[in-house]
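User: Could you walk me through this model, one question at a time?

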Amino acid sequence: MKKVEMIIRPEKLEEVKELLNELQIHGMTTTMVSGCGNQKGRKKIYRGTEFSMNLLPKVKVETVVHDEIVNELITKVAEAVRTGEVGDGKIFVYNVEQALKIRTGERNEEAL
Ligand SMILES: Nc1ncnc2c1ncn2[C@@H]1O[C@H](COP(=O)(O)OP(=O)(O)OP(=O)(O)O)[C@@H](O)[C@H]1O
Ligand SMILES: [Mg+2]
């Protein structure tokens, strides 16, 4: 199992939800976050050495899925949310050691 963490533009959330549904991925957690990347939160390419970081609103979407779907998922999400402008976001993939579905006691893949 892998956890796929996608940090995207808030206006792209609906597209990601539709895509997950198409891929039969029905469990997700979303969080409103704020962050910055290489431009330190400036909206254009920025080469200054200013110290301060500006944090821009993003949405973090997390889903735990079978290993086999990860490549398709991240490829399709990246295609769906890319604008080509700075700030399009990032996707991180983590190993998940265990899952337990509380209602039934099912474990791991069965718990997804
Ligand atoms: N290394 C990182 N670790 C954790 N979160 C990150 C990292 N880089 C970016 N993020 C998160 O992703 C959001 C979007 O990052 P962004 O797309 O601007 O990255 P970037 O590296 O600056 O790429 P680009 O040059 O295309 O803008 C940030 O606001 C932050 O929330
Ligand atoms: Mg950036």
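**Helix, salt bridges and pockets**

User: What span should the 12 residues of α2 have, and how far apart are its end C-alpha atoms?
Analyst: This is a predicted model, where local features need pLDDT of at least 70, side-chain atom pairs count only at pLDDT 80 or more, and totals for chains, interfaces and linings use all residues. Residues are numbered from 1 along each chain as its sequence is written, chains are lettered from A and ligands numbered from 1 in the order in which they are written, and side-chain values use heavy atoms, with hydrogens and water left out. Helices (DSSP H or I, at least four residues) and strands (E, at least two) are numbered from the N terminus. At 1.5 Å times one less than the number of residues, α2 should span 16 Å, which agrees with its end C-alpha atoms being 16 Å apart.

User: Which residues of α2 are buried, and what arc do they cover?
Analyst: Buried means under 20% relative accessible area, exposed over 50%, and partly exposed in between, with a 1.4 Å probe and protein chains only. In α2 the buried ones are V70, L73, V77 and V81. Taking directions from the helix axis to the C-beta atoms, these residues lie on the same side of α2, because their arc is only 65°.

User: Which residues are exposed on the other side of α2?
Analyst: The buried set is V70, L73, V77 and V81. Across from them, on the other side of α2, the exposed residues are N71 and E79.

User: How many salt bridges does a search of the whole structure find?
Analyst: The test is a side-chain nitrogen of Lys or Arg within 4 Å of a carboxyl oxygen of Asp or Glu. Searching the whole structure that way gives a count of six.

User: How many residues apart in sequence are the parts that R9 and D88 tie together?
Analyst: R9 and D88 form a salt bridge at 2.8 Å, N to O. Both ends are buried, R9 at 14% relative accessible area and D88 at 15%. R9 sits in the loop between β1 (2–8) and α1 (13–22) and D88 in the loop between α2 (70–81) and β4 (90–95), so the parts they tie together are 79 residues apart.

User: Is K12 buried or exposed?
Analyst: K12 makes a salt bridge with E15, with the closest N and O atoms 3.8 Å apart. E15 is partly exposed at 34%. K12, at 16% relative accessibility, counts as buried.

User: Which residues lie closest to the centre of the largest pocket?
Analyst: On a 1 Å grid over the protein atoms alone, a pocket is an open set of points where a 1.4 Å probe fits, with protein on both sides within 12 Å along at least five of seven lines; lining residues have an atom within 4 Å of a point. The largest pocket has a volume of about 560 Å³, volume being the space filled by probe spheres set on grid points joined across faces, edges and corners. Of its 23 lining residues, the closest to the centre are G37, K58, G87, D88 and G89.

User: Which element gives the largest share of the lining of the second largest pocket?
Analyst: This pocket has a volume of about 290 Å³. Among its 14 lining residues, those closest to the centre are I25, G27, T63, V64 and L112. The largest share, four residues, comes from β3.
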